[in-house]
Amino acid sequence: MASQHRSSSYTNEEDLHLCHVYLDISQNPIIGINQSKDQFWARIEYDYNNPQSEFTITQARPKRSLQCRMQVILTAVGKLRGCIRQIENLNPSGASEQDILNRAKTLLTQDAKYQKGFKFDHVWPILKDIEKFASVNNPTSTFQRQIGNFASSQSESPTSESPTSATPGLSDFSLNINNEEIGGSSAERPIGVKKAKLKRKNDEQLATVLDTIKGENQQLVEILKKGNLDRQQNFDQNYQLQMQKVAASVFKEENKILYMDLNSIANLNVREFTRNEQLRIMQKRAQEQGLGAGSQGQ
């Protein structure tokens with residue numbers, strides 16, 4: 001039952017599509033760096049299986065499958081690139097680029113894992129010159145980091161076989177086909193100089209805009225504070241004016257009571273009430289005058 005769900009082998013067109021997606025993402029200065037292994041391969045899985053791409057998807061490929069396939073391709077390309085470098089170091093006179101490539105492929109077959117030859121000529125033109133194959137000084141784990149470190153337990157180790165066996169055109173050379181030039185001196189995927197400058201310029205412009213917004217916000221806060229203070233002062237002034245008006249109105253009404261003739265009031269109850277009000281008003285004013293005089297004396 002399990003065999004019914006097994007993925008079919010990759011076609012040449014699928015290999016090309018996968019390599020293009022891999023290069024687009026790994027060399028993108030925005031999404032190709034500062035992301036985890038899972039994020040990197042999740043992005044490759046999404047773009048590979050995107051139905052809106054120009055490539056017609058005949059079979060969806062999961063992330064694990066894409067990782068494994070890309071490892072196989074990059075390992076083979078790295079092996080062949082190492083063989084080319086060794087052939088070039090021999091400085092064969094009169095050899096063309098194609099001659100060197102053919103000799104390198106012959107050398108590659110000396111590896112037990114590649115006895116049937118190099119099987120990725122269809123992707124070689126787009127992978128042969130990418131940056132991680134360009135350095136021979138530091139063949140470190142950069143390649144393994146880019147393929148997710150998921151195959152570290154299967155990493156290639158030097159074999160005991162030597163490529164010095166009699167091979168036409170190569171019998172007098174001492175070569176090491178296990179010297180894979182799949183590393184690079186940079187621990188990050190490549191970023192274009194122009195794109196890096198553009199990103200830095202955009203960051204500087206964003207910082208300037210943020211500083212401007214911050215300054216304008218501070219000015220707005222100061223304006224609001226001043227507005228609140230002005231409103232409070234205006235309120236205090238209006239309140240004092242209203243209190244003065246109320247006090248003047250009360251004083252006027254009290255004067256009317258003080259100046260009333262008690263003998264003219266026939267109702268005894270009203271007359272008594274009016275007399276008490278006159279006494280209260282006079283006592284209040286006498287107290288207010290006493291407080292005023294005391295505050296002036298101080």
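This report describes the helices, the nonpolar core, a surface patch and the salt bridges of a predicted model.

Residues are numbered from 1 along each chain as its sequence is written, and side-chain values use heavy atoms, with hydrogens and water left out. Since the model is predicted, local features need pLDDT of at least 70 and side-chain atom pairs count only at pLDDT 80 or more, whereas totals for chains, interfaces and linings use all residues.

## Overall architecture

The chain holds eight helices and zero strands, where helices (H or I, at least four residues) and strands (E, at least two) are DSSP runs numbered from the N terminus. Along the sequence this gives the pattern α-α-α-α-α-α-α-α. Of the 298 residues in the chain, 29% are buried; here buried means under 20% relative accessible area, exposed means over 50%, and partly exposed lies in between, with a 1.4 Å probe and protein chains only. The accessible surface of the chain comes to about 20100 Å², of which 52% belongs to carbon and sulfur atoms; such areas come from the Shrake-Rupley method with a 1.4 Å probe, and for residues only the protein chains shown count as cover. Among contacts (heavy atoms within 4.5 Å) with a separation of 6 or more, 72% are between residues 24 or more positions apart.

In soluble globular proteins, nonpolar side chains tend to be buried together. A nonpolar core is taken here as a set of buried Ala, Val, Leu, Ile, Met, Phe, Trp, Tyr and Cys residues joined through side-chain atoms within 4.5 Å. The largest such core has 33 residues, and the members that touch the most other members are Tyr 22, Ile 44, Met 70, Leu 80, Phe 118 and Leu 127. Two or more residues come from each of helix H1 (12-26), helix H2 (37-48), helix H3 (63-89), helix H4 (97-108) and helix H5 (124-127), and H3 gives the most, with ten residues. Not counting residues up to four places away in sequence, Ile 44 touches Leu 18, Val 21, Tyr 22, Ile 25 and Leu 66.

H3 is itself mostly covered, with 20 of its 27 residues buried. Its reach from first C-alpha to last is 38 Å, close to the 39 Å expected at 1.5 Å a residue, the expected span being 1.5 Å times one less than the number of residues. Just after H3, Asn 91 takes a positive phi of about 50 degrees.

Helix H7 (residues 193-258) includes Leu 210. This helix has 66 residues and reaches 97 Å from its first C-alpha to its last, close to the expected 98 Å. Buried residues in H7 include Gly 227, Glu 254 and Asn 255. By contrast, Leu 210 counts as partly exposed because its relative accessibility is 49%. Together with Leu 206, Val 209 and Ile 213, Leu 210 makes a nonpolar surface patch of about 350 Å²; patches are made of residues with over 30% relative accessible area and no salt bridge, like charges being joined within 9 Å and nonpolar side chains (Val, Leu, Ile, Met, Phe, Trp, Tyr) within 5 Å.

## Salt bridges

A salt bridge is a side-chain nitrogen of Lys or Arg within 4 Å of a carboxyl oxygen of Asp or Glu, and by this rule the count comes to 13. Three of these pairs are set out below.

| Pair | N to O distance |
|---|---|
| Asp 47 and Arg 43 | 3.6 Å |
| Arg 285 and Glu 254 | 3.4 Å |
| Glu 277 and Arg 280 | 2.9 Å |

Arg 285 lies in helix H8 (residues 268-297) and Glu 254 in helix H7, so this pair ties together parts that are 31 residues apart in sequence. Both residues of the pair are buried, Glu 254 at 7% relative accessibility. Glu 254 also belongs to a network of salt bridges with Lys 284 and Arg 285, and, leaving aside neighbours within four places in sequence, Glu 254 is in contact with Ile 281, Lys 284 and Arg 285. Between Glu 254 and Arg 280 the C-alpha to C-alpha distance is 10.0 Å, at 26 residues apart in sequence.

The other two pairs each lie within one helix. Asp 47 and Arg 43 are four residues apart in helix H2 and therefore separated by about one helical turn, with Arg 43 partly exposed at 36% relative accessibility. Glu 277 and Arg 280 both lie in helix H8, three residues apart, or about one turn of the helix. Glu 277 counts as buried at 19% relative accessibility, while Arg 280, at 38%, counts as partly exposed.
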